[in-house]
Amino acid sequence: MTLTDWPRSAAEPDPDSASPAAASGTPKPVSQTPGSVSETAAFISEPESGTGTKPSSARLTGTQKWTAGAIVAAALALAGIGLYLSFEHVAQFAFTKLRFGSLGKGQLFAVGVDVGIMVMIAVDLLMAWLKRPISWIRYPVWLLTGATVVLNAASGAPAGAWKLLDYVAAGAHGVVPVLFITVVELGRTAIDRVVRPEQAERDSIPWLRWVLAPVATARIFRRMRLWGVTSYPEMIRRDQELIAYEQWLKRKYDGDISQASEDELLPMKMAPYGYTVEQALAMPDEQEQAAQERAEEAERRRLDAETRSEVAKAESEAERLRAKGRVELVQAEVDGQTGQARAHARAQVSAAERAAELEQQALDNAVVAEARAREAEAERKAAQERKAAAAADLEAAELERQAAQKRKEAAEADRVAEAEAQAIETQAIAEARKAAAEADRAAAETEKTAAETRRAAAEADRKKAEEERLKAVALADIARSQKEAAEAERAAAETRQAAAEIERRAVEIEDAAKLTPRERAVRKVARMAFAAGAVFVGLEADGIYRELCRVVSIADVQREVDVSSTDTASKYRQEAVALIADGYRPQQ
């Protein structure tokens, strides 16, 4: 280590962070520059402790290991002797003087103190062996050992006045514990040097300096401990450099160093804080350089911030253009969907008008066919009735002919009978008369049958007349029905035309409002409900929903808005209910 190296700490800090000046990137130490100040310490000798600063990295030989084992055995023997010597004295003293109540409790007290000391010593040595030393644990060991020494010494105190031999006896009680603690500290230091050979060793200050210059030596000792300077020669060189620099200032200003500038006085001011002369003199330049670097860093951060701001603006503009492109794309899609919906609506209107015309033609054809069927049926019934009447006339004529034949036969029989009666009045004449009477009776029956036949014919004529009348009434009803059907079809055609006009006007309104296809579908469902005759006046949402479901089914919604999902159709109905509840009417 040179005179102008950075102050070293016990933890061996990085040179770039060991002192306040290092934060700004201090240049290399100036001790390499030739000068008389750094050459004044060449005569300083090594410390009297004889310890070097370069630890040995060689492994223990077999002999060294046997020697270490013997030392450990001797230390354990020394510990056993110390425990044996102090145990009885401390136990007896605790029982008689410290009021422990019984000798057993005094023995437990002595065992507890000795075991506590041994446990803490074992933990201290173990942690040093594991390269994790606990520095504060030695102080409780020292305290308990001192308590043991005091108790041992007190146990040997005389009852009366103290003599010289009494002091010697009391001191003899503390020799073994002090010796044991010394051996333990020596073992701890040895273990630490073995397991941590890279650890810098702290030089000791020669005792002769303490005797010759106690105040200056105490100041050097304080600075070494405060600022982690482990090398005593290094500390001497720093002190000599400071003294030489102060003498140089006195020569420069004729003994009055108060005339020196603040920068020139920095070595004296910063020496208590571990700075060398070169480090203190370099502080202003280093601080200016650090300030310049901070300003440069601030400027760089400002430029970086401006660059980031410009990049952010460019990215924002690019994002805005991308968003605008997406909006235009969506607008084009909406316009395309709107055109499709408009064409679809116009096609639906044309289809509705064509369907109305076809329905009108079909209705006309159906009415004409029905009228013709009714006329054919009436003519068929009239023909059947005429046929039945002709058959009845034929039967009546046949009966008239048979009756005439019977009358002719009866007249002939009467004539014969009268001739025979005139001729002879015989039994045969009587029988002939009887036969004639029978013939008259049969003729009367035939006449009666003919009368019944004529009555049936008259009834048939009456029924025919009634049928003719009913046929006329039916024809009148058919004509009236045809007229009413024509009126109804005309009203239906007008209704469909009005609905088509409403649909067209609604499509134009939706086009102007630029509605989405879903909104168009919902409005169409609402118009379907109004077209079906639904009445929503004075109804709440539930009533509107029930009324709409009554007149518009899910199948109707699927067919009209061209969707296959029943769930989508149901949602369209629900949204149509909300639209109607908000006051929507087809004329809007």
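**Close-up 1. R300, a partly exposed arginine in a predicted model.** In this predicted model, R300 has a relative accessible area of 40%, so R300 counts as partly exposed. R300 forms a salt bridge with E297, and the closest N and O atoms sit 2.1 Å apart. Both R300 and E297 belong to helix α10, which covers residues 277-423. They are three residues apart there, or about one turn of the helix. E297 is partly exposed too, with a relative accessible area of 29%.

Close-up 2. How far apart are D304 and R300 in helix α10? They're four residues apart, so about one helical turn separates them. D304 has 28% relative accessibility and therefore counts as partly exposed.

**Close-up 3. A salt bridge between R559 and E560.** Here R559 forms a salt bridge with E560, with 3.9 Å between the closest N and O atoms. The cut-off for a salt bridge is within 4 Å, so this pair makes the list. Is R559 buried or exposed? R559 is exposed, with a relative accessible area of 55%. E560, at 28% relative accessibility, counts as partly exposed.

**Close-up 4. A nonpolar patch on the surface.** Look for W207, L208, W210, V211, L212 and F221, which form a nonpolar patch on the surface. Taken together, these residues have about 650 Å² of accessible area. Which helix gives the most to the nonpolar patch? That's helix α6 (residues 207-212), with five residues. L212 lies in helix α6. With a relative accessibility of 66%, L212 counts as exposed, because the cut-off for that word is over 50%.

Close-up 5. How do you find a hole inside a protein? Rolling a probe the size of a water molecule over the atoms shows where empty space is left. In this model the count comes to three cavities of 30 Å³ or more. The largest cavity has a volume of about 150 Å³. Its lining is made up of A79, G82, L83, S86, D114, I117, M118, T145, T148, V176, P177 and F180. The elements that give two or more residues to this lining are α1 (62-96), α2 (103-129), α3 (138-155) and α5 (175-195). Of these, α1 gives the most, with four residues. What kinds of residues line the largest cavity? Seven are nonpolar, four are polar and one is charged.

**Close-up 6. A569, a buried alanine.** A569 lies in helix α15, which covers residues 566-581. Where does a relative accessible area of 0% put A569? Buried means under 20%, so A569 is buried. A569 and V522 are 47 residues apart along the chain, and their C-alpha atoms are separated by 9.3 Å.

**Close-up 7. K131, a loop residue with a positive phi.** First, a bit of background: most residues other than glycine have a negative phi. K131 has a phi near 65°, a positive value in a residue other than glycine. You'll find K131 in the loop between α2 and α3. K131 has a relative accessibility of 41%, so K131 counts as partly exposed.

**Close-up 8. D562, another positive phi in a loop.** The phi of D562 is near 60°, again a positive value in a residue other than glycine. Which loop holds D562? D562 is found in the loop between α14 (554-561) and α15. With 60% relative accessibility, D562 counts as exposed.

Terms used
Residues numbered from 1 in each chain as written. Predicted model: local features only at pLDDT ≥ 70, side-chain atom pairs only at ≥ 80, totals over all residues. Heavy atoms only, no water. Patch = residues over 30% accessible without salt bridge, like charges linked within 9 Å, V, L, I, M, F, W, Y side chains within 5 Å. Areas by Shrake-Rupley, 256 points an atom, 1.4 Å probe, with all protein chains shown as cover. Salt bridge = Lys/Arg side-chain N within 4 Å of Asp/Glu carboxyl O. Buried < 20%, exposed > 50% of the residue type's maximum accessible area, 1.4 Å probe, protein only. 1 Å grid on protein atoms, 1.4 Å probe; cavity = no way out; pocket = protein on both sides within 12 Å on 5 of 7 lines; lining within 4 Å. Points joined across faces, edges and corners; volume = space filled by probe spheres on them. Nonpolar A, V, L, I, M, F, W, Y, C, P; charged D, E, K, R; others polar.
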